[in-house]
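Please open the structure in a viewer and keep the selection tool at hand.

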Amino acid sequence: MIINDPAKIEQRSMELIEKELTVPISEEYKDIVKRVIHCTADFEYAETMTFSEGAVESALQALQNGCDIVTDTQMAAAGINKKAAAALGCSIHCYMSDADVAQTALKNGSTRAVASMDKAAALDKPTIFAIGNAPTALLRLRELIDAGALKPELIIGVPVGFVNILEAKEAILNADVPFIVAKGRKGGSNVAAAIVNALMYRLTR
C-alpha cells in the first residue's frame with residue numbers, strides 16, 4: 001500500500017527503523033540515531049554515533065534559551081527545520097559564502113571553513129556547531145577551544161570524506177566540550193541537520 005501523507009510516511013519509517021535495529025541504543029539517544037538513519041537509510045550509524053556525557057542535556061538547554069546554530073554548509077542550514085528553530089528563538093548561521101570570510105581565508109591561506117569558524121567564534125550567544133562537511137572546521141574549533149576563545153554548548157562533528165576526517169573527529173572526541181560525533185568516514189550535511197532537528201523536535205513536538 002502506498003502512503004502519501006508525509007506525517008504517516010515519517011511515522012512508518014521510524015517504525016521500520018525500530019524494527020530493523022539490531023544494536024541496543026540508550027533511550028537517551030535513540031530518537032537522534034533513528035533520525036540519522038531515517039535520512040541516510042544507513043544502519044551503521046547505530047554503531048558509530050558517539051555522545052559525550054551530558055551532550056544532549058547541554059544542547060536542549062541551549063536550544064530552549066534560543067541559541068545560535070552554526071553550520072559549515074548552506075545545505076546543512078537549509079536542512080534545519082526553520083519552524084522549530086523559530087519556535088525556540090534560535091538563529092541559524094552559515095558564513096561560508098560571506099565575502100569577508102572569503103577574503104580572510106585568502107589572506108591567511110586557510111580554508112573558508114576555518115575562516116567561518118573564526119567569524120562564528122565572535123557570536124555573543126550560546127552556540128551549537130553542526131559540522132557535516134569540512135574537517136578543517138572541526139580542527140579549527142578544537143584550536144579555538146584549546147586557546148580558551150570558544151566554549152560551545154555542543155559540537156556536532158559528522159563531516160564526510162577521506163582527507164583529515166578521522167583526525168578531525170578524533171580532535172573533537174578528545175575535546176573538553178559536549179559533542180555528538182559519527183566515528184569513521186561517514187556523515188554529511190544532511191546528517192548534521194538531522195541531529196539538530198532531532199534535538200529541536202524533543203522541545204517542539
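Which residue takes a positive phi just after α4? Select G66: its phi is about 70°. Please bear in mind throughout that the model is predicted.

**First stop: helix α4**

Select residues 55–64, which form helix α4. Now look down the axis of α4: the buried residues fall within an arc of 165°, so they line one face of the helix.

**Second stop: helices α2 and α11**

Select residues 27–40 for helix α2 and residues 189–204 for helix α11. Their axes lie 9 Å apart, and the helices pack at an angle of about 140°. An angle over 145 degrees would count as roughly antiparallel; α2 and α11 are therefore oblique to each other. The crossing in which α2 passes α11 is right-handed. By class, this contact of α2 with α11 has ten nonpolar, three polar and five charged residues.

To view the contact itself, display side chains on both helices. On the α2 side, the residues include Y29, I32, R35, V36 and C39. On the α11 side, they include V191, A194, A198, L199 and Y201.

Select Y201, which is found in helix α11. Is Y201 buried or exposed? Its relative accessible area is 14%, and the cut-off for buried is under 20%, so Y201 is buried. Apart from residues up to four places away in sequence, Y201 touches R35, N81 and A84. A distance may also be drawn from Y201 to A77: the two are 124 residues apart along the chain, and their C-alpha atoms are separated by 16 Å.

Select A41, in the loop between α2 and α3 (45–48). Most residues other than glycine have a negative phi. A41, however, is a residue other than glycine with a positive phi, near 55°. A41 counts as exposed, at 66% relative accessibility.

Select residues 135–146 for helix α9 and residues 165–173 for helix α10. Here the packing angle is about 30°, and the axes are 8 Å apart. The two helices are therefore roughly parallel to each other, and α9 passes α10 in a left-handed crossing. By class, the contact of α9 with α10 has seven nonpolar, no polar and three charged residues. Show P135, L138, L139 and R142 in α9; they meet I165, E167, A168, K169, A171 and I172 in α10.

Within α9, select P135. This residue counts as buried, at 12% relative accessibility. With neighbours within four places in sequence left aside, P135 is in contact with P159, V163, N164, I165 and A168.

**Last stop: N164**

Where does N164 lie? Select it in the loop between β5 (154–157) and α10. N164 is 29 residues from P135 in sequence, while their C-alpha atoms are 6.0 Å apart in space. N164 is not a glycine, although its phi is positive, at about 70°. At 33% relative accessibility, N164 counts as partly exposed.

Note on methods
Residues numbered from 1 in each chain as written. Predicted model: local features only at pLDDT ≥ 70, side-chain atom pairs only at ≥ 80, totals over all residues. Heavy atoms only, no water. Buried < 20%, exposed > 50% of the residue type's maximum accessible area, 1.4 Å probe, protein only. Helix = DSSP H or I, 4+ residues; strand = E, 2+ residues; numbered from the N terminus. Arc of directions from axis to C-beta. Axes fitted to C-alpha atoms, helices over the stretch in contact; angles between N-to-C directions. Parallel < 35°, antiparallel > 145°, perpendicular 65-115°, else oblique. Left-handed = near helix turned anticlockwise from the far one by under 90°. Contact = heavy atoms within 4.5 Å. Nonpolar A, V, L, I, M, F, W, Y, C, P; charged D, E, K, R; others polar.
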